[in-house]
Amino acid sequence: MIEVTGLTKRYGDFTAVRDLSFTVQSGEVMGLVGPNGAGKTTTLRCATGIIPPTAGILKVAGIDLAIDPVAAKRQLAFFPDEPRLFDHLTVRQHLAFAAKIYRVPDHEPRANSLLTELEIADKADQLPGELSRGMKQKLAIACGLLHSPSVMFFDEPLTGLDPLGIRRMKDSILKRAQAGAAIVLSSHLLSLLEEVCSHVLILKKGEKIADGSIAQVSAQFSNGETGVSLEEVFIRATGGSES
Ligand SMILES: Nc1ncnc2c1ncn2[C@@H]1O[C@H](COP(=O)(O)OP(=O)(O)OP(=O)(O)O)[C@@H](O)[C@H]1O
Ligand SMILES: [Mg+2]
């Protein structure tokens, strides 16, 4: 479960996220949407303990990130939009390193099954410089999943994946939610969110302007029309491309 209460993040004088609260229960996938610069990545970085919030309480699996950051981080995985890899470690060595950090015992069978699931098993002995962009992303995802996190945050997880990779990633996300993970998925691919999310939260200029099931959020911005797509709802809710 993810609980964010009153999150505010300022960079100097600029407020990137203001008084944001939301909850994601075990088994749920929340879509986090908003125009460029709305504060999605900032929210994810705060919720995963990468940057400190200016104010607010952030809990994962019942653990307060400010009180026990190590225990909280052991429960979660963050998949950033630009994965950082180590130039001199092979694919297999990345997984061994992740296993060490997260203290995953006998990680090899699990690492092998993740490499197969993500279709990079044939690259196990290659360095990141020898991988395509999508493969690097898959490697970062494999490393993040190795410790079986109960809480996951995805920032644009499908950028760079091919159509089959996108479908597999969708299935992977749904499979983990069905197994009880609480998941936040930030993406501009609204069709993906329609397929995968139990509810969505729309951010604009760092503030929540709507949240609820896709049907509820659609109703809020559809002016009584039926069959309004999430894309149309998004454009109406956020007022075009300005954030
Ligand atoms: N380290 C930083 N220092 C100063 N300002 C920042 C910093 N990081 C982000 N910002 C600002 O905070 C705001 C929110 O940025 P953020 O990256 O959270 O947006 P986003 O919703 O993820 O956008 P996108 O859809 O483009 O990924 C932007 O105005 C951005 O310029
Ligand atoms: Mg972002």
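## The largest nonpolar core

In this predicted model, the largest nonpolar core has 65 residues, of which Ala142, Phe153, Ile183, Val184 and Leu185 touch the most other members. Such a core is a set of buried Ala, Val, Leu, Ile, Met, Phe, Trp, Tyr and Cys residues joined through C-beta atoms within 7 Å. Helix H5 (residues 133-145) gives the most to this core, namely seven residues. Helices (H or I, at least four residues) and strands (E, at least two) are DSSP runs, numbered from the N terminus.

Apart from neighbours within four places in sequence, Ala142 is in contact (C-beta atoms, placed from the backbone, within 7 Å) with Leu95, Leu114, Leu115 and Leu118.

In helix H6 (residues 163-178), the buried residues are Met169, Ile173, Arg176 and Ala177. Seen down the helix axis, they fall within an arc of 105 degrees, taken from the directions to the C-beta atoms, so they line one face of H6. The face turned away from this buried side carries the exposed residues Pro163, Leu164, Asp171, Lys175 and Gln178. A residue is buried if 20 or more other C-beta atoms lie within 10 Å of its own, exposed if 12 or fewer, and partly exposed in between.

The cover over the buried residues of H6 includes strands S3 (29-33), S7 (151-155) and S8 (182-186), and helix H7 (190-196). Just after H6, Gly180 takes a positive phi of about 110 degrees.

## Numbering and model

Residues are numbered from 1 along each chain as its sequence is written, and chains are lettered from A and ligands numbered from 1 in the order in which they are written. Local features need pLDDT of at least 70 and side-chain atom pairs count only at pLDDT 80 or more, while totals for chains, interfaces and linings use all residues.

Note on methods: Contact = placed C-beta atoms within 7 Å.
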